[in-house]
Protein chains: 4
Amino acid sequence: MRVVFIGDIVGNVGRDTVRRLIPWINDKYHPHIIIANGENAAGGRGITASITRELFECGVHGITMGNHTWDNREIFEFIDDEPRMIRPSNLAPGTPGRGSMIIKANGKSLGVVNLIGRTFLPPAEDPFRTADEEIEQLRRTTKCILVDFHAEATSEKVAIGWHLDGYASLLVGTHTHVQTNDARILPEGTAYVTDAGMTGPRDGVLGMEKEAVVRRFLTGLPARFTVAEGKWALNGVYAELDESTGKAQKVQLISVDEDSWIAT
Amino acid sequence: MRVVFIGDIVGNVGRDTVRRLIPWINDKYHPHIIIANGENAAGGRGITASITRELFECGVHGITMGNHTWDNREIFEFIDDEPRMIRPSNLAPGTPGRGSMIIKANGKSLGVVNLIGRTFLPPAEDPFRTADEEIEQLRRTTKCILVDFHAEATSEKVAIGWHLDGYASLLVGTHTHVQTNDARILPEGTAYVTDAGMTGPRDGVLGMEKEAVVRRFLTGLPARFTVAEGKWALNGVYAELDESTGKAQKVQLISVDEDSWIAT
Amino acid sequence: MRVVFIGDIVGNVGRDTVRRLIPWINDKYHPHIIIANGENAAGGRGITASITRELFECGVHGITMGNHTWDNREIFEFIDDEPRMIRPSNLAPGTPGRGSMIIKANGKSLGVVNLIGRTFLPPAEDPFRTADEEIEQLRRTTKCILVDFHAEATSEKVAIGWHLDGYASLLVGTHTHVQTNDARILPEGTAYVTDAGMTGPRDGVLGMEKEAVVRRFLTGLPARFTVAEGKWALNGVYAELDESTGKAQKVQLISVDEDSWIAT
Amino acid sequence: MRVVFIGDIVGNVGRDTVRRLIPWINDKYHPHIIIANGENAAGGRGITASITRELFECGVHGITMGNHTWDNREIFEFIDDEPRMIRPSNLAPGTPGRGSMIIKANGKSLGVVNLIGRTFLPPAEDPFRTADEEIEQLRRTTKCILVDFHAEATSEKVAIGWHLDGYASLLVGTHTHVQTNDARILPEGTAYVTDAGMTGPRDGVLGMEKEAVVRRFLTGLPARFTVAEGKWALNGVYAELDESTGKAQKVQLISVDEDSWIAT
Ligand SMILES: [Fe+2]
Ligand SMILES: [Fe+2]
Ligand SMILES: [Fe+2]
Ligand SMILES: [Fe+2]
Ligand SMILES: [Fe+2]
Ligand SMILES: [Fe+2]
Ligand SMILES: [Fe+2]
Ligand SMILES: [Fe+2]
C-alpha cells in the first residue's frame, strides 16, 4: 500500500499548491491514499467547511489537524459530521470531533491517528498512552497505521517514534513547518520522519509574511501575521506499507518548490 | 573558501565519529576550515579541556557551544584562554569566554558567531541585535561569516535567517539534534539551514540512551540520561563562500551514518 | 473540625520551625488535624524517611508533596508503605504512592487530596477532573476535604477554587512559597487561599540562600542553591469545617516569623 | 512622603472602584502621590487615552503598565506624549513610550520605574540591570523611588527585592492579580511586596468572568474572556518614605472589597 502524507497546508498558496501538484504526486508515487495536515489551511489559522471540501475534491482522502484546529470557529459546525477529518486524539474528554479514523480508498484501508505533543505546547492528555490505545483499536480493522504527531520538541517526537516502533506503520511529525532530513525505517518496521514540513509560501516564516515576523522578534510589539505570497513549496512524505504485517517497506521525503519542480 | 560545519557532537561516540570521519570529510569536501558544535561532547553535557584539545588535534579548527556550555564546570578554567572556542554571544554581560572569533586556517579567515535563541529557552539578550553587532565587528577582518544559531523554535531560526540575509555567509541552526532538509541560499547570498543535526549515536533520542528518555516521557519520574551506544551518525553542512563578497555560492547537507558510509 | 495546614517546609530551618511552633499552634488553634506540605523538607529537595518520621512525631498528621516529590530518591523506598503521605494525584498512571488519603486524628476524619498544576509546570493529567474523581471517592468516607493544589499560576489556582466550590472544604494552594492575602470562604462553602506560603528561612529566596539565586538571575550561570540560614518564618492556614456538611465556617492565614512570634 | 500604589485596575469595574475609593484613600492614608497599574483598564486589555484621562482626573498621579501594554492599539497614539504613564523599561530598544518617570505632586517628587519579568513571560532585556540603570538615573532627581516589577514568578520578584534593597524605596510586584501577604521593609530600607493584587471584580478569575476561564481549563477550547461583573475589590500598598534617605519607614497592604469597605 502506497501512502503520501502532505505537511501542514498554509493558506491559499498552500491549497493552490496541493491542487496543482496532486496530479503530479499521483503520476510519480501512485499513492492509494493521500493524507494532509490542514490546521493552517484557512489563512494560516484553522480550516473551513469549503476548504475541507476543496481538499477532498482535489484528491486528499483524509485530513489531520494540530494546535490550530479551533482557530477558525466554523470547524465546530462540521467537525462532528466529517468522518474524514481528525483532530489530536489526546485533547480533553468531550472535545468535538475524533482523534482517529479509518480511510478507505482505492481498495485500501489506512488507520490514521492524530496526536499533539506536550513539550512547549498547552496541556493535553499523554500522547504516548493515547497512541497505544488508538493504535490497538485501529488494528482491529487494519494493520496499516499512520500517526501524525503534531509536536514542537524533537525529543518528544523521536521518543514516540521509538515507543511506537512496530505498532505504527508510518509516524510523521508535523507543526515545525520545516522538513527534517531523517526519514528512515526503525528496526521493528515503523517508518519515521520528525517533521514533514509545510506546504505553502516558500519564502515566509513558516508560511507567514516574513517582515511582520522579523519585526515581531525585533520589537516584541503585537503584529498581524498574514500568509506570505510568492513562490510555493510542497513538503511531505511517501511510504510503502506491507498490508499483511503493517510494517513499512520504504519511506522517502517529498520536497519540491516552484523552482525545482518540473510539471510532467 | 570551503567550510564544513559539524552538528552537536554527542559524547564519546560523537568524538570517535569526528575523528574517524574528518579524513573522509577532507577527501570529499576539501574544506579550508572545519567548525563543530561541542556543547554535548563530554557525555552529552558540556566539554572539557582534553576533549577540546582532542577535537582540535583531529582537524576541527573552531568550536561553538550552546545551552549546555556550562554543564561541565571544567570549562570555567580554560574558556577564557581558548581563542578557538566560543559560547553564545548574547549571554549576560560579564559571562566568561567570547561570543565570536576569527578562525584562520589554510590561508583563509572565517568570522564565527555563536548565538542562542530565546523561544522555549532561558532568558538571554536579543540574538538579532547581537548578531548585527558581532557581524559588523567581524566584517572589519573578513567578509566570510558563519553564524551558529543555537535555538529551539523554527520560527526564530527562519526569522534570523531572513534578518541576516546578505550579512552572514552561512547561518546554521543547532540544538534540536535533528537535521532539517531546507539547505538553501537566500536571495541576498546567505546560505541557510535550520538545523545541522547531531553527530553521535544514531539510535538514541538526540544522542541519549532511548529507554531512559521514553520512560521519562511515560512516567514523568526523574531519570539519569546517558549517551547512547551503537551505531554512529554524522550530520553537518558544507558551504562554499565567495571571499570577495562574503556571499555563499553553494550549500549542501552532510548526513552519513555507520550503515550508509563507505570509507574511501 | 479544626484544621491547620502548614505551607512548604524548607530544609532544617523549616523542620526546626515546625517542631518549635506546633505546641504554640496547638495552644492557639486547637486543631484536630495538622497537614503540612513536605516537598522541600530535605535540604529544599524532596523528603526522606527519617524526616517524615520526625514530622509525624512532632505533631503533623499528614504530608502532601509537589513538583519536588522525587528530588530525594529515598522516597521510592517508603512512599508506598506510608499511608499518611501523598504526592500529586494527577501524575502519570503507575506513579508510586497515592494522590489522596483519609487522615484520622483526635476523633476526626479528613480527606486530603494533592494535585499539581499544568501551567508553567511539566505535563500532568488534568487536575480539575482528577479533583472531581478524588473528592467523589473521599466523600464516601468523610465530607471534610482538604485539597493542596500545588501550582504556579494564580489563574489556574483561582479557577480550580471556583470549580471545586461546594465540593472541597478547604482548598489551599502551595508552590510559590509566598503567602497570598486572599483567604476567604467562597459562596458554596469552600475555604480558599491561593498560596499558603512557606515555612523555613525568612530571608532567602523561597527558602534558598539569596546570594546564589540573585547571582543566577544576573549571570545565567549554573549555581548550587542551598537552604538559607538566619531567622525563620512559618506560614499556613487555619480553617474550621462543619462536619455535617463539609462546608467551611472560618478560614484564616497563619503567618509568624522569628521577630513577630512571642512564645506563650 | 506618603505613597499609595493601586494594583492592576481591571475594566470598568476596576475604574469605577478607583473613582469611588480615592476619596476614602485620601482620607485614610493622606498620600502625596498615588500610582496605579493600568495594563488591564480597558476591558482587561490595555488602556485608552480617555481611560488614562479619567484615572488622572479622579486622583491617580502616574500609571504603570505590564505585559498587556499594547493590547489596545490606541496606546500607540498617545504614549509618547503622556509623561505620566510608563511601560516596562526593559522592552526592546526603540519601543514607544518610556520606562521611568518623575511624578511631582503635593510638593513631593517620586521616581517611578516599570519593569517586566522574564520567567514564564516573553523575552525582554535583563530587568535587574535595567533597574540599576534607571534607579541611578532617577536618584539624580529624587531619592524616593517606586519600582513596579510586573512579573509572574515569585523567585524573580523576591530576588529583585534583595537586589534592589537599599536602592529602591518601594518595590511592588504586579501581574498575578492576587495580593501577597509579605509586605515588609528589607534590612537596607526597601519596602517590599511580591504582588499588590488587582482592583476590579472580586469574584472572577483575575478579574475575568469565571465560567469562561474554568471552561477553558476544562476543555482547552478557545474562549472569549470578558471582564467579570458583580462586587468589586481594591488591592494596593501604602508606604511612607523618608525623603532625606529614600528609605521606607512603613509599608502596609491595602485590601478592601464591597463587603468589607465602609465609606467614611
Ligand atoms: Fe502548522
Ligand atoms: Fe501547529
Ligand atoms: Fe546539543
Ligand atoms: Fe542545545
Ligand atoms: Fe515548595
Ligand atoms: Fe513546588
Ligand atoms: Fe494585570
Ligand atoms: Fe500582567
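I began with burial, taking a residue as buried when its relative accessible area is under 20%, as exposed when it is over 50% and as partly exposed in between, with a 1.4 Å probe and protein chains only. The model is predicted, and local features need a pLDDT of at least 70, side-chain atom pairs count only at pLDDT 80 or more, and totals for chains, interfaces and linings use all residues. Residues are numbered from 1 along each chain as its sequence is written, chains are lettered from A and ligands numbered from 1 in the order in which they are written, and side-chain values use heavy atoms, with hydrogens and water left out.

**Entry 1**

I took helices (H or I, at least four residues) and strands (E, at least two) as DSSP runs, numbered from the N terminus. I looked up strand 7 of chain C, residues 170-174, and found five of the five residues buried, so the strand is largely enclosed by the rest of the structure. Leu170(C), Val172(C) and Thr174(C) lie on one side and Leu171(C) and Gly173(C) on the other, so that I read both faces as covered because every one of these residues is buried.

For its neighbours I used the rule that two strands pair if DSSP finds at least two bridges between them. Strand 6 (residues 145-150) of chain C pairs with strand 7 in the parallel sense over five bridges, and Phe149(C) stands opposite Gly173(C). The chain passes from strand 6 through helix 5 to strand 7 in a right-handed β-α-β crossover, meaning that, with the strands pointing away from the viewer, the path from the first strand over the helix to the second runs clockwise. Strand 7 is also joined by three bridges to strand 9 (residues 191-193) of chain C, running parallel, with Val193(C) as the bridge partner of Val172(C).

In helix 5 (residues 154-164) of chain C I found 10 of the 11 residues buried, so this helix too is largely enclosed by the rest of the structure; Trp162(C) and His163(C) are among them. Just after the helix, Gly166(C) takes a positive phi of about 100°.

**Entry 2: the iron ion (ligand 5)**

I counted as donors the N, O and S atoms within 2.8 Å of the metal (3.2 Å for Na, K and Ca), keeping in mind that water is not among the atoms and sites may look incomplete. Asp8(C), Glu39(C), Asn40(C) and His177(C) coordinate the iron ion (ligand 5) at 2.1 to 2.2 Å. Glu39(C) bridges this ion and the iron ion (ligand 6), which lie 3.4 Å apart. Asp8(C) lies in the loop between strand 1 and helix 1 and Glu39(C) in the loop between strand 2 and helix 2 of chain C, so the pair ties together parts that are 31 residues apart in sequence. Asp8(C) is buried at 0% relative accessible area, and Glu39(C) is buried at 1%.

**Entry 3: the iron ion (ligand 4)**

Here I found Glu39(B), Asn67(B), His150(B) and His175(B) as donors, at 2.1 to 2.2 Å. Glu39(B) is buried, with a relative accessible area of 1%, whereas Asn67(B) is partly exposed at 28%.

**Entry 4: Asn114(B)**

Asn114(B) sits in strand 5 (residues 108-116) of chain B and is buried at 0% relative accessibility. A polar atom of its side chain lies 2.7 Å from the backbone nitrogen of Met65(B).

Methods: Polar contact = N/O pair within 3.5 Å; in protein donor to acceptor, adjacent residues only side chain to side chain.
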